[in-house]
Amino acid sequence: MSNLTLKDLEILQGVINQAGLDYQLELEKGQISIRGPSDIVSSEIGVRLIAALYAWINPRRLGRVFDSAGGFILPNSNLKAPDVSFVKAERLRRSIRYFAELVPDLVVEIKSEGDRIPPIQQKLQQYLEQGAQVAILIDPDEQTVTVYRPTGEPLQLQGDETLTIPELLPGWELLVSELWPPIFEENE
């Protein structure tokens with residue numbers, strides 16, 4: 001079955017939802033892929049990044065931030081849902097009750113426990129080829145953040161290095177170390 005359509009995906013998603021299951025579907029080259037929930041470390045990293053982005057973007061009315069449930073129909077007709085994404089305000093003036101038919105300006109994939117890095121890198125490269133301005137891979141296992149752009153070499157950050165995205169969010173900064181979930185001590 002390699003000629004499935006967006007309509008097929010919507011039907012399958014309806015069946016999954018009615019069964020009370022929590023799976024995320026994506027469509028690529030006529031094939032549906034099913035992803036289960038992420039591990040909680042990856043989820044918490046996503047929330048921490050979304051919170052930092054939203055706190056900067058919202059008061060400045062720069063655009064919209066989405067979590068992993070936000071689906072995008074790309075120019076190649078694939079339906080994708082990055083773990084975190086951002087779309088500039090002038091490209092999406094109003095949210096709609098459907099998938100956005102565009103490529104996010106920023107896409108972020110967070111490695112889950114069972115993921116392998118090469119397929120994630122390939123996915124990010126596809127986003128860039130479709131028009132994303134910046135793609136980011138967050139690897140909780142290595143505690144690294146790798147920033148990809150359409151031109152130039154990837155930039156890997158770690159520790160107390162600062163993540164910036166000046167082409168999309170001038171002035172925004174985040175210490176890479178702030179992405180990692182804290183460890184609470186017993187006496188806290």
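The legends below describe close-up views of a predicted model.

**View 1. Helix α2 from end to end.** At Tyr 54, α2 bends by about 30 degrees.

View 2. The N-terminal end of α2 is capped by Asp 39. A side-chain oxygen of Asp 39 lies 3.1 Å from the backbone nitrogen of Val 41. After α2 comes Arg 61, with a positive phi near 55 degrees.

**View 3. The buried residues of α2.** Ser 42, Ile 45, Gly 46, Leu 49, Ala 52, Leu 53 and Ile 57 are the buried residues of α2. Their cover includes the strands β3 (63-66), β6 (84-88), β7 (106-110), β8 (134-139) and β12 (173-175). α2 lies across β3, β6, β7 and β8, and runs at about 170 degrees to β3.

**View 4. The open sheet.** Six strands, in the order β3-β6-β7-β8-β9-β10, form an open sheet with mixed pairing. β3 and β10 (155-158) stand at the edges with a single partner strand each, so one side of each has no neighbour in the sheet. From one strand to the next, the twist averages 15 degrees.

**View 5. Strands β8 and β9 with helix α3.** β8 and β9 (residues 144-148) run antiparallel and are joined by five bridges. Leu 137 has Thr 146 in β9 as its bridge partner. Helix α3 (residues 117-130) lies across β7, β8 and β9, and its direction is at about 165 degrees to β8.

Conventions: Residues numbered from 1 in each chain as written. Predicted model: local features only at pLDDT ≥ 70, side-chain atom pairs only at ≥ 80, totals over all residues. Heavy atoms only, no water. Bend = angle between axes of the 7 residues up to and from the residue. Helix = DSSP H or I, 4+ residues; strand = E, 2+ residues; numbered from the N terminus. Buried < 20%, exposed > 50% of the residue type's maximum accessible area, 1.4 Å probe, protein only. Contact = heavy atoms within 4.5 Å. Polar contact = N/O pair within 3.5 Å; in protein donor to acceptor, adjacent residues only side chain to side chain. Pairing = 2+ DSSP bridges. Axes fitted to C-alpha atoms, helices over the stretch in contact; angles between N-to-C directions.
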